[in-house]
Amino acid sequence: MKKLKLVMVGNGMAGVRTLEELLKIAPDLYDITVFGAEPHPNYNRILLSPVLAGEQTIKDIMLNDVDWYAQNNITLHLGKEITRIDRPRRTVTTADGLQVEYDRLLLATGSTPFMLPIPGVNLAGVLTYRDIGDTHAMIEAAAKYRHAVVIGGGLLGLEAANGLMLRGMDVTVVHLMEWLMERQLDRAAAKLLQQSLEAKGLKFLLQKQTAEILGENGRVSGVRFKPAPGKEGETLPADLVVMAVGIRPNVKLAESAGLHCNRGIVVNDTMQTFDPRIYAVGECVSHRGIAYGLVAPLFEMAKVCANHLAHLGIARYAGSVTSTKLKVTGVDLFSAGDFGGGGDSEEIVMSDPVAGVYKKIVIRDNKIIGSVLYGDTVDGSWYFQLLRDAKNISEIRDHLMSGQSHLGNLGHQGQNSASGMPDEMEVCGCNGVCKGTIAKAIKEKGLFTLEDVRKHTKASSSCGSCTGLVEQILASTIGGAYAPVAAKTKTVCGCTDLTHEDVRLAIREEKLLSIPRTMEFLNWKTPNGCASCRPALNYYLLSTWPHQALDDPQSRFINERAHANIQKNGTFSVVPRMFGGTTNAAELRRIADVVDKYKIPTVKVTGGQRIDLLGVKKEDLPRVWEDLAMPSGHAYAKALRTVKTCVGSEWCRFGVQDSTQMGIDLERTFWKMYAPHKVKMAVSGCPRNCAESGIKDVGVIGVESGWEIYVAGNGGIKTEVAQFFVKVKTAEEVLEYAGAFLQLYREEARYLDRTVHYVARAGLDYVKQKVVDDASNRKALYGRLLYALSGEKDPWLERVESADKREFEMLNA
Amino acid sequence: MNNWKNICPLDAIPPLGARVVRNGDIDIAIFRGRDDHVFAVADRCPHKGGRLSQGIVFDNKVACPLHNWTICLDDGKAVAPDVGCTQTFNVKVEHGQVFLAAPNRSSSSNAAAEFFPPLKEAI
Ligand code: SRM
Ligand SMILES: Cc1cc2nc3c(=O)[nH]c(=O)nc-3n(C[C@H](O)[C@H](O)[C@H](O)COP(=O)(O)OP(=O)(O)OC[C@H]3O[C@@H](n4cnc5c(N)ncnc54)[C@H](O)[C@@H]3O)c2cc1C
Ligand code: SF4
Ligand code: FES
C-alpha cells in the first residue's frame with residue numbers, strides 16, 4: 001500500500017511531540033516531511049533561559065538530533081520557511097521555491113514575539129527573546145556592552161534580565177503595569193519577587209511606557225519614556241534592548257491560505273482546522289477561544305492530534321489548566337489558575353515578609369481554583385493537582401496551608417523541600433538516586449513527566465514515598481512545562497489510554513471473563529500487556545466475577561504464583577497462618593520439626609504476630625506445607641494478611657472486650673480474601689490499644705459498651721492514622737461493617753491502592769454513606785463478599801493435594 | 001558447534017511462563033513467550049542476580065521479580081534506562097519438543113565464571 005504523505009510546518013516542540021506520539025501508535029502510516037525555519041533540529045525552547053544564564057549549553061537542550069529524524073525516515077528540511085499553502089492542489093512551497101505535496105498537513109508554527117509599534121525598533125541591538133538565534137545575540141551583546149534595558153516584566157522578560165545580569169550587564173526592567181508578572185501574580189507576591197530580584201542586582205522601572213528607542217550610528221543608545229503631562233520624557237541609556245512584551249500566535253501562513261483564524265488558527269477538539277486535511281497544534285492555535293503560551297497544554301494537544309492522524313479517532317482535547325514557575329535560580333515562585341479571586345470566592349492567605357514567604361489559595365465551592373506561592377513552593381504541585389482534579393477540600397481545609405507534608409507526605413530524613421537539598425543528597429531511598437542525578441536527567445534527556453523520570457532514573461519507581469520530592473525537582477527544573485497528570489485521567493499503564501475505572505466498568509458491563517478477551521475488547525496497544533496491567537486486570541476480573549472469571553497465574557507476581565515470598569537469593573519464605581496471633585504446642589512442635597527436616601536457616605517472629613521460616617528452597621515448598629499442616633498466612637499476597645490482637649478481657653486486668661476471640665473471628669471469616677492491595681486488621685480489648693488498631697486498614701477497639709471501628713489507617717511507607725468509622729454493639733456487627741467496608745474497597749479501589757488511598761479519593765463521607773447509613777447496601781456488600789469467599793480453598797492445601805509440578809520442579813539438561 | 005539436548009515437551013512450559021534447567025553450575029531459564037517463541041537465558045538478572053524465571057513474561061520480555069528490571073529475552077539485554085545483559089543460549093522447538101544447545105559442563109562453568117561473579121548466598 002502506498003503511504004500517505006504527511007507534511008509538518010514548524011519544527012518545534014509541539015509539532016515534533018505530535019510526530020513522536022504518532023510514530024508510537026502508527027509507525028508506518030505516513031511518509032513524513034518536516035520544514036523548520038530555524039537551522040536547528042528540535043530543541044527544548046524553555047531551557048533557553050538556563051542557557052542564557054550560563055547554566056546549560058545549547059547541546060544540553062537538544063531534544064531530537066538529526067539522527068532521530070533519519071532513524072524514523074523523516075525527511076527534514078532545516079532553515080526552510082514555508083511561505084505558501086495551495087489547498088486545492090495540496091502543496092506547500094518554501095521561500096526558495098521547493099514544492100511538496102501532502103495528504104495531511106500539520107501546522108505547528110508557534111508564536112512570534114510582539115514588537116511595540118514605536119520608533120527605533122529596527123535599530124541594531126534591539127532584540128526579542130524566542131529562539132537560539134536571539135539567545136546567541138544576547139550572549140554576544142553581553143560580552144561587548146554594559147547597559148541593557150528589558151521592556152516587559154513578565155516571565156520571559158525577567159528570565160532574560162536575570163540571564164543578562166549573570167553575564168555581567170547592568171540591567172533595568174521596564175514594565176508598564178503596577179507590578180511584575182501581573183498575569184501570574186498578585187501584588188503582594190510580585191513585591192516579594194521584585195525585592196529579591198533587586199537584591200540580586202536587577203533594577204526596575206514600573207508604570208513606565210516606552211515611547212521611543214533612541215539610536216546612534218544605527219545602533220541603539222537609549223530609550224525614552226512617555227512623559228507625564230507637562231513634563232519632559234525621561235531617558236535611560238542602553239546598548240541592548242530586549243523586547244519581551246508578549247507573543248502572538250504565528251498565523252501568517254495559515255491566514256494567507258484562507259484558513260479561519262481568530263487570534264490563533266482555529267481548531268476543534270480534535271485539533272483539526274477548518275480544512276479537514278489540515279491539523280494544527282501548539283502555540284499557533286486557538287482552541288475554544290484560548291491560545292496557550294506554555295508547553296504542558298501542547299503535549300496534550302500532541303497526543304490528541306496524533307490519535308486522529310493515526311485514524312483512531314477517539315481522543316478529544318478539552319483545554320488545559322496551566323501553572324507557571326519562574327526559572328530564575330534562587331527564586332521560588334509558583335502560580336496556577338485564577339489567583340485573583342473576587343466574586344463568591346474565598347482566599348486563604350499566609351504572609352511572612354521577613355522570611356520572604358507568601359502563599360495564597362483561592363477557593364470556590366470548596367474547590368481550589370487558583371494559587372500563588374512565593375518563597376515556599378513545596379506544595380505547588382499538590383495544590384495544582386487538587387485544582388485540576390477539582391477535588392473537594394472541605395475535609396483537609398484546615399491543613400491546606402501547612403501543606404501536604406503536614407498530611408504525612410514527608411520524604412526520607414524528614415526532607416520535604418527539594419529546593420533546600422544539595423545535589424548529592426539522596427532523594428529515592430529505594431534506588432539510591434540523588435537530587436543531582438534527577439535534575440541532570442531531566443535537563444539532558446528532556447524529561448517532562450513523572451513517568452519519564454521514573455523510567456530514566458528509577459527515582460520514585462519503587463515505594464513511591466519520594467514522589468512529592470521528585471515532582472518538585474521536575475517543577476523547578478522545567479518550570480511551567482510540568483503538569484501533574486490529573487488523577488482522574490491516570491491510565492492503567494502505557495498499554496492503554498483507559499483509566500482503571502474505565503476498565504472496571506467495561507469488565508462489569510460487558511461481562512468480560514478473561515484477560516485476552518478484555519484486552520481484545522478494549523483494544524489493548526500491546527499484544528499481551530505488561531507487568532503492570534496484567535496483575536491489575538487479573539484482580540479486576542476475579543473480584544468482579546468471582547467463581548466465573550478465569551484466573552491467570554502467569555499474570556500474578558511470583559509470590560502469588562508460588563504462594564510464598566521470594567527472597568533476594570531466590571529462596572522463599574513461609575509464613576503459616578496463626579489466627580488472631582494465637583498458636584499452640586502442637587503447631588510449634590511441627591514448625592520445629594519442619595525447620596530441622598528442611599534445614600531452614602532462619603526462623604523469625606514477624607511484626608504481624610506470627611512466625612516466618614526464611615530460606616526455603618522452591619522445590620521444598622509443597623512438602624514443607626504438607627508437614628506443617630497449617631493454613632497459608634497469605635504473607636505473599638494482595639490479600640488479608642494478619643489480624644493482630646491483644647490478650648483482651650480473658651486475661652488482661654484492663655480488658656473490657658474479648659479482643660482475641662474477635663480477632664480470630666475476623667480472620668477466620670475473611671482469610672483468603674484477595675484485595676487491590678494487602679489488608680491488615682487489628683483488635684484491641686480496650687482504648688490502651690496494644691494491638692495498634694489505629695494504623696490498620698480496619699482497626700477495632702473494644703470499649704465498655706461495644707466496639708469502635710476505625711478504617712483506612714496505614715503503618716507503612718507513610719504512616720496514616722485510621723479514621724473513626726462507626727461504633728457498634730456486637731461482634732456480628734463488627735464482622736458485617738468491616739466486611740462491607742472491605743467489599744466496597746475491593747469493588748472500587750484501583751489495583752495497588754491501600755484502603756487509605758481509596759478512602760482519600762472516594763471521601764470518608766461517601767464510604768460511610770454506603771456502609772454505615774445505608775443498611776440494605778451494607779448487607780448487600782457483605783453478602784457479595786461472603787459469596788466471593790465461599791468455596792475459596794487454602795492455596796497450600798490445594799497444592800499439597802495436587803501440585804502442578806511445573807510450578808515447583810527443575811528440569812534436567 | 002551445537003550440542004542440542006532435548007529438554008522437555010513445549011507443553012511442560014506454561015504459556016508466558018518459564019522453567020529452569022540446571023546445567024552444571026549455572027541455571028538456565030527456558031521461557032515460552034508470545035506466540036510460543038521459546039528463549040533460553042541464564043537465570044540471573046544482571047542487576048542483583050534475581051531469578052528471571054520467576055518474573056512476569058510479556059511480549060518476549062521478562063520483568064525481574066526482585067526490582068522489576070525488564071530484560072529482553074532474545075538478546076538478554078536490560079531495557080533502558082537500565083544497563084546490563086544476561087547470557088543467552090540457543091534453543092529450538094521441533095515436533096513439540098524443546099531442544100537446548102547446552103554448553104557442556106566444564107565449559108559452562110568457565111562461561112559462568114566469566115559472566116557472573118560467584119553467588120554469595122547459596123541458592
Ligand atoms: C516479614 C515482615 C517483617 C518482619 O520480619 O516482621 C515483612 C516483610 C516484608 N514486607 Fe512488610 N513485613 C512485615 C510486616 C509489616 C508491617 C507491620 C504489620 O503488619 O503490623 C508493615 C506496616 C503496616 C502496614 O502495612 O500498614 C509492613 C509494611 C510493608 C510495606 C509498606 C506498605 C504500605 O502500604 O505502605 C511493604 C511494601 C509493599 O507492600 O508494597 C512491605 C513489604 C514487605 C515484603 C513483602 C517485601 C517484599 O516485597 O518482599 C517483605 C517480605 C518478607 C518475606 O518474605 O517474608 N511491608 N510490613 C512482616 C510480616 C508480617 C506478617 O506476619 O505478615
Ligand atoms: C525563553 C523562553 C522560556 C520559556 N519558558 C517556558 C517555561 O518555563 N514553561 C513553559 O511551559 N513554556 C515556556 N516557554 C514557552 C514554550 O517554549 C512554548 O510554549 C513552546 O516552545 C511552543 O511550542 P510550539 O511548537 O508551539 O512552537 P515553537 O517551539 O516556537 O516552534 C515553532 C517552530 O516553527 C517554526 N516556523 C514558524 N513558521 C514557520 C514556517 N512558515 N515554515 C517553517 N517553520 C516555521 C519556527 O521557526 C519554530 O522553530 C518559554 C519560551 C521561551 C522563548
Ligand atoms: S522486611 Fe520490610 S522493612 Fe525490612 S527490608 Fe524488607 S521491606 Fe524493608
Ligand atoms: S535483581 Fe533483577 S531487578 Fe534487581
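Colleague: Which cysteine sulfur is closest to that of C533(A), and at what distance?
Modeller: The closest cysteine sulfur to that of C533(A) belongs to C493(A), and the separation is 3.7 Å. Please bear in mind that this is a predicted model.

Colleague: Is C533(A) buried or exposed?
Modeller: C533(A) is buried, and its relative accessible area is 0%.

Colleague: Let us turn to the ligands. How many residues surround ligand 1, and which are the closest?
Modeller: Ligand 1 is surrounded by 20 residues, and the closest are Q567(A), T606(A), G607(A), R610(A) and K678(A).

Colleague: How do the residues of that shell divide into nonpolar, polar and charged?
Modeller: The shell around ligand 1 has 11 polar residues, 8 charged residues and 1 nonpolar residue.

Colleague: How far is a polar side-chain atom of R610(A) from an oxygen atom of ligand 1?
Modeller: The distance is 2.7 Å for R610(A). K696(A) also places a polar side-chain atom 3.2 Å from an oxygen atom of the ligand. With I717(A), a backbone N or O atom is involved, and it lies 2.8 Å from an oxygen atom of ligand 1.

Colleague: And ligand 2: how many residues surround it, and which are the closest?
Modeller: There are 35 residues around ligand 2, with A14(A), E38(A), R130(A), E283(A) and K327(A) as the closest.

Colleague: Which atom of ligand 2 lies 3.0 Å from a backbone N or O atom of A37(A)?
Modeller: A nitrogen atom of ligand 2 does. Another contact involves the side chain of N250(A), which has an N or O atom 3.4 Å from a nitrogen atom of ligand 2. For A108(A), a backbone N or O atom lies 3.5 Å from an oxygen atom of the ligand.

Colleague: A change of topic: in which strand is S335(A) found?
Modeller: S335(A) is part of strand β23 of chain A, residues 333-337. The residue is buried, at a relative accessible area of 4%.

Colleague: What lies 2.7 Å from a polar atom of the side chain of S335(A)?
Modeller: That is the backbone oxygen of Q184(A). Beyond neighbours within four places in sequence, the contacts of S335(A) are Q184(A), L185(A), S323(A), T324(A), S371(A) and V372(A).

Colleague: What is the strand order in the open sheet of 3 strands in chain A?
Modeller: The order is β18-β19-β21, with mixed pairing. The edges are formed by β18 (261-262) and β21 (285-287), each of which pairs on one side only.

Colleague: In what sense do β19(A) and β21(A) pair?
Modeller: Strand β19 (residues 264-267) pairs with β21(A) in the parallel sense, over 3 bridges. I265(A) has V285(A) in β21(A) as its bridge partner.

Colleague: Finally, how many helices and strands does chain B have?
Modeller: Chain B has 10 strands and 1 helix; from the N terminus on, the elements run β-β-β-β-β-β-β-β-β-β-α. Of its 123 residues, 53% are buried.

Technical notes: Residues are numbered from 1 along each chain as its sequence is written. Chains are lettered from A and ligands numbered from 1 in the order in which they are written. This is a predicted model: local features need pLDDT of at least 70, side-chain atom pairs count only at pLDDT 80 or more; totals for chains, interfaces and linings use all residues. Side-chain values use heavy atoms; hydrogens and water are left out. A residue is near a molecule or strand if one of its heavy atoms lies within 4 Å of it. A polar contact is a pair of N or O atoms within 3.5 Å; within protein, one must be able to donate a hydrogen and the other to accept it, and residues adjacent in sequence count only if both atoms are side-chain atoms. Ala, Val, Leu, Ile, Met, Phe, Trp, Tyr, Cys and Pro count as nonpolar, Asp, Glu, Lys and Arg as charged, and the others, Gly among them, as polar. A disulfide is a pair of cysteine sulfur atoms within 2.5 Å. Buried means under 20% relative accessible area, exposed over 50%, partly exposed in between (1.4 Å probe, protein chains only). Two strands pair if DSSP finds at least two bridges between them. Helices (H or I, at least four residues) and strands (E, at least two) are DSSP runs, numbered from the N terminus. Contact means heavy atoms within 4.5 Å.
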